[in-house]
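Here is a short briefing on how parts of one protein chain meet. Keep the sequence and the structure in view as you read.

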Amino acid sequence: MGDNRTATATRPARPGAPARRSGAAGRLGRSPFSLVTALIAVGVLALVLFPLGRMVVRAFEGFGHQRWESLVGAPWFSGMLRDTVVVVGASAVIALLVAALLAWINERTDAGIGMLGDVLPLVPLFLPTVAMAVGWVLLANPDVGLLNGALGVVLEPLGISYEFNIFSYPGLILVYVLNLVPFAYLPIAAGFRSMDPSLEEAARVSGARASRVLRTVSLPAIGPAVLAGLLLVMVVGFALYSVPVIIGTRPDIDILAVRIIRSIRQTYPPAYDDAVLLSTMLLALLLVLWVAQRRLVGSGQFARIGSRSTGSSRIELGPWRWPMRSLLWLYVTLAAVLPILALGIVSFQTYWQPDLLASEWTFAHYERILFGYPLGQRSVENSLFLGLVGGGITVLVAALVIVYAHRRRNLLGKVADAVAKLPAAVPNTVLALAFVLALAGPPFQLGATLLILALAYFVVYIPYASIASEASVASVDNSMEEASGVSGAGEGRTFARILVPLMAPGLFAAWALVFVRILGDLPVAVLLGTGRTPVIGFVLLDVWDQGIFNRVAALALVMTAITVPVVMVMMWLGRPRWRRAKRARAYRARA
Amino acid sequence: MPADGTDPDAAAAGRLRLEINDLCKEFYRTGGERVRAVDQVSVDVHPGEILVLLGPSGCGKSTLLRCVAGLEQPDRGRMLIDGAVVYDGEAGTMVPAHRRDVNMMFQSYALWPHMSLRDNVAYPLRVQGASRKQARAKADDYLELVGLPGLGRQYVSTISGGQQQRVALARTLINEPSVVLFDEPLSNVDAKVRSQLRRELLRIHQELGFAAVYVTHDQIEAMGLGTRIAILRDGGVEQLADPVTIYEEPATRQVAEFVGEANLIPARVTRVSGEVAVLDCVFGEIEIAAARLSGSAADGDRRAQPAEGAAVVLMVRPEHCRLVRDPAGGGGANSWAATVDATMYAGSRTEYSCQVGTGQLTVWELATPHPLRAGAAVRVEIPREVVRVVEAG
């Protein structure tokens, strides 16, 4: 029938048609919105790759061979490598076991406590890392540690003498583990959650006992998730700076991330060469782990919130139910409650001492930190500004880039997607160093400005925002966008009116997370912050170096006290009011 | 609203709402295998017409619809909506979805959970630049039209699936698009609600007179709603005709098999004498109208009449066959002794599977109070005029 139709087909568009019907013919994807998005993606690309590229080039330029040899031959090098591998390796394995246990309790047994249980293992993510580290120093310092004080009251009458000592391998590893558990918990819990409970039921009705079910069905099913968790924890562990700088320095446990910053900050003249070479080494190691992780995880590992298995299919623990459930609370107590309590107590004590009855109490440390210290107030203002505004922009840009990549599966989309997640493998120590080298001096002259801090935070935290955005985009059905398109809305309008509101829960959570991390950041603050542009982390390390623990406690608690209400407000703003309906429709669509 | 849809312009009233010429769309499966989801399809939609795309899953009907909407980019061909080119493979023209004068109702309804029902419905008008007040007023009118007056302030989470469908329909119709696209919109609700919504849809269509393309795999829906039906198979159009022609005069055996129940009988032409042709099949001799051999009347392409001895495939609908309870009675042409193999009582009819000679024949008897048991000896008769030729050598 086609032939006689071509005559009519060449007719021009109806002249009197309204604007949207006139068919302004163009190729797919030339709207101003996608142009702007593409430009932003290119900008992100440049911001991530340029400083790192400069640094790597610097590591291999000139007679690099010799420099590498002198680095590896340095007397401290092999010890540093051993310490780092031991601490990070041990912490990663222990954190993985703890996380797997907590995830199993929450997802597969009747000891889970619903939404609260989902949140508890993630609490440390929303507290500044450095506050936890300082808190533990106050708790388990030999002699004056608050826990040791309490322990003494119990043990001394029994004639036993025992003390916790945070300044030791076990102490350092403990705080590492507390920090790393959430990172392993996320993929493992998702693995348990996305596992079809009928797999276990099938094994059970086939006659297998609970232990056999666990061994032959449950564990193999979440194997990939466990492996992904291990690699993620290694990446985060190698990059961790706040914990070893606070705890590892005194017992001389030499950690790579600390060594990088020390070779600039506490060496005269700054040994940029050492820092660059060490960073390049760390970068190469983490890139290998990161690639392995992306290979193994693939897609679809992140289960959606709400798709939890029903109570009936859960394993009944019987008498073990309450002990298992209390493990959840124990973790939160160790990772959040005790350290914050210690910060609170010590920040109000005139002098730090474990005996609370004999203590004198004062507000002086807060007054001194916030009003007596010239940088205190400004640092809080700067950090708040960077966290709220910078963090917000970071999340919005990440959402744009991820939506673009999700929609357009073209080359730029793929590259932007990868680049927006790449910095996850780059420790903020290394990124901060790269920013100093590339942007602080000529021709950019960004040293000692808030802009360089903002740009560094943007690059450091865009992976967090990207991964959160990706999960949010994936949970929004394609037809939501398409319905907007066929209703006549362009891409910009669809993004603003449909996608952003629907992604809001995930985006606000990402914003809260980025805010907390910026506020509690140390490495970027130390390398890029200055007396003219102080941020809280910069001041905190300064006060720490002066050795006045009460003031450190006060500042760390101020940091924490700011984050809690901000996180709660953001979670409230992003609360999903329509979740019930969304889930119902997802079920229907599946049926 | 005028019956011809949205355009008061008399000259435009008769213009085709949608023209699709030789449209092709290919996919690559993982592994590199190339699949033609849409294979040189040419159809058009007249004003006020509902064109149903009917076919089994995987036949390319949804892909074709998404190409019309602008959600998929075809590889070749040409498409015009209301006379304006929206896709031209040779000229490289691809008008994006939001600039096409269409709207679409999705299988999942795709209602936005963060907006009230009224704002959902008003959205297409707001996009066109209408004021909030105007858009909401018109949205309320449309919610009333689809039978949901006063629910404008509710949210998606608080209404039932059937109500969601009506809201989605209102949103699809409110900006009076040249072509309304439906992607299996009734497949997600139970049978009762479905037939009710089907009647509602017909009523609203009569009231507004929009032109539509309607994708479904449900033949009852297709028959009930379609002005014309395009049967799709492997990405191509197998037959395009009104529902009665599709059912009564299927162009191919695939159409006959897909739409309704069909007895397919391979046969060989023995002789043609005047108006009657005599053929040989598993039942014995069968007589048919000789004109049938050269293709059905409605089908444009008449075949050359098969020569004597040529192999053909005959088709008879089971409700057109007659079952005579007295095995000795009847007689004459197209009447054979048979045995009931299996009986299935279905309320309004009884379905018999009969052994006739060495062949099988399915016979439906309508409104039978006393169905026969398996094993009963009967006669079956096929009136000469109900036999169709669906495949000719």
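This is a predicted model: local features need pLDDT of at least 70, side-chain atom pairs count only at pLDDT 80 or more; totals for chains, interfaces and linings use all residues.

Chain A is divided into domain 1 and domain 2. Their centres, taken over C-alpha atoms, are 24 Å apart.

**The two domains**

- Domain 1 of chain A covers 74-306 + 317-354, and domain 2 of chain A covers 375-539 + 555-591.
- Domain 1 of chain A puts 33 residues into the contact, and domain 2 of chain A puts in 28 residues.
- On the side of domain 1 of chain A that touches domain 2 of chain A, several helices each supply at least two residues, among them helix 6 (129-140), helix 10 (210-239) and helix 14 (321-348) of chain A.
- Helix 13 of chain A gives the most to that side, with seven residues.
- The residues on that side of domain 1 of chain A are 25 nonpolar, six polar and two charged.

**A pair of crossing helices**

- The axes of helix 2 (residues 32-60) and helix 16 (residues 374-407) of chain A come within 10 Å and cross at roughly 110°.
- Angles of 65 to 115 degrees count as roughly perpendicular, so helix 2 of chain A is roughly perpendicular to helix 16 of chain A.
- The crossing of helix 2 and helix 16 of chain A is left-handed.
- Helix 2 of chain A makes the contact through Ser34(A), Thr37(A), Ile40(A), Ala41(A) and Val44(A).
- Helix 16 of chain A meets them with Val397(A), Leu400(A), Val401(A) and Tyr404(A).
- By class, this helix contact has seven nonpolar, two polar and no charged residues.

Terms used:
Residues are numbered from 1 along each chain as its sequence is written. Chains are lettered from A and ligands numbered from 1 in the order in which they are written. Domain bounds come from an automatic or database domain assignment. Two residues are in contact if their C-beta atoms, placed from the backbone, lie within 7 Å. Helices (H or I, at least four residues) and strands (E, at least two) are DSSP runs, numbered from the N terminus. Ala, Val, Leu, Ile, Met, Phe, Trp, Tyr, Cys and Pro count as nonpolar, Asp, Glu, Lys and Arg as charged, and the others, Gly among them, as polar. Axes are lines fitted to C-alpha atoms, for helices over the stretch in contact, and angles run from 0 to 180 degrees between N-to-C directions. Angles under 35 degrees count as roughly parallel, over 145 as roughly antiparallel, 65 to 115 as roughly perpendicular and the rest as oblique. A crossing is left-handed if the near helix is turned anticlockwise from the far one by less than a right angle, and right-handed if clockwise.
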